[in-house]
Amino acid sequence: MASVLSYESLVHAVAGAVGSMTAMTVFFPLDTARLRLQGVVNVLLTTPLWVVNTRLKLQGAKFRNEDIVPTNYKGIIDAFHQIIRDEGVLALWNGTFPSLLLVFNPAIQFMFYEGLKRQLLKKKTKLSSLDVFIIGAIAKAIATTVTYPMQTVQSILRFGRHRLNPDNRTLGSLRNVLYLLHQRVKRFGIIGLYKGLEAKLLQTVLTAALMFLVYEKLTAATFTIMGLKRAHKH
């Protein structure tokens with residue numbers, strides 16, 4: 001036990017900690033890039049499943065929009081088969097471009113959360129549970145509102161069965177995304193980009209607010225257990 005708690009062991013421990021901190025600091029940008037890349041890879045791998053899922057859920061629904069072509073899929077396998085046969089394999093990745101942009105939704109959410117948190121900590125030394133819940137809800141509401149037009153276009157592209165812009169089959173391209181945004185505004189006005197926003201806010205805001213509340217409580221508990229005093233930036 002004495003050898004374990006010796007001065008030499010302490011030197012090695014400190015050296016290891018400093019080395020670890022240095023490596024983390026140097027490679028932190030790469031770690032951030034890795035997380036972003038994971039988000040991109042996740043989008044590319046799961047988009048075909050979301051496309052099929054969206055079409056199966058909307059199958060049989062009555063649409064007032066005459067540009068939408070009805071579908072008749074017997075199941076998941078048949079949906080994949082018909083999409084590839086009638087529209088080509090790339091149709092399985094409709095909505096990829098908006099999905100990639102939506103990867104930044106959490107970044108916007110955390111940016112506003114940390115900003116609001118810093119502003120409140122200038123006026124008080126500690127945030128209450130209600131404070132955390134409210135600023136978490138506000139941050140998510142802002143992020144959702146900012147990115148919602150992309151979610152609208154994403155849903156349109158995933159459904160895919162519409163007659164809009166028939167000359168351009170690259171439904172995931174920036175050009176077609178801008179075209180669909182323009183058509184949406186032209187037909188329904190700016191409000192058309194935010195149809196269904198209320199339901200989306202109810203779905204995401206309360207969840208995010210609860211997540212931030214739990215996150216702060218767990219962080220505070222961890223600092224308490226470790227016997228550390230959490231530093232606040234003023």
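Visitor: Which side chain does Arg85 meet in a salt bridge?

Guide: The general idea first: side chains of opposite charge can pair when their charged atoms come close. A salt bridge here is a side-chain nitrogen of Lys or Arg within 4 Å of a carboxyl oxygen of Asp or Glu. Arg85 pairs with Asp86, at 2.9 Å from N to O. Keep in mind that this is a predicted model, where local features need pLDDT of at least 70, side-chain atom pairs count only at pLDDT 80 or more, and totals for chains, interfaces and linings use all residues. Residues are numbered from 1 along each chain as its sequence is written, and side-chain values use heavy atoms, leaving out hydrogens and water.

Visitor: Is Arg85 buried or exposed?

Guide: Buried means under 20% relative accessible area, exposed over 50%, and partly exposed in between (1.4 Å probe, protein chains only). Arg85 is exposed at 53%, while Asp86 is partly exposed at 43%.

Visitor: How many salt bridges are there in the whole structure?

Guide: A search turns up 4. One of them joins Arg55 and Glu87, with the closest N and O atoms 2.6 Å apart. Arg55 sits in helix H1 (residues 7-58) and Glu87 in helix H2 (residues 76-87), 32 residues apart. Helices are DSSP runs (H or I, at least four residues), numbered from the N terminus. Both Arg55 and Glu87 are buried.

Visitor: What does Lys117 form a salt bridge with?

Guide: Its partner is Glu216, at 2.9 Å between the closest N and O atoms. Lys117 lies in helix H4 (residues 105-121) and Glu216 in helix H7 (residues 197-225), so the pair ties together parts 99 residues apart in sequence. Lys117 and Glu216 are both buried.

Methods:
Helices (H or I, at least four residues) and strands (E, at least two) are DSSP runs, numbered from the N terminus.
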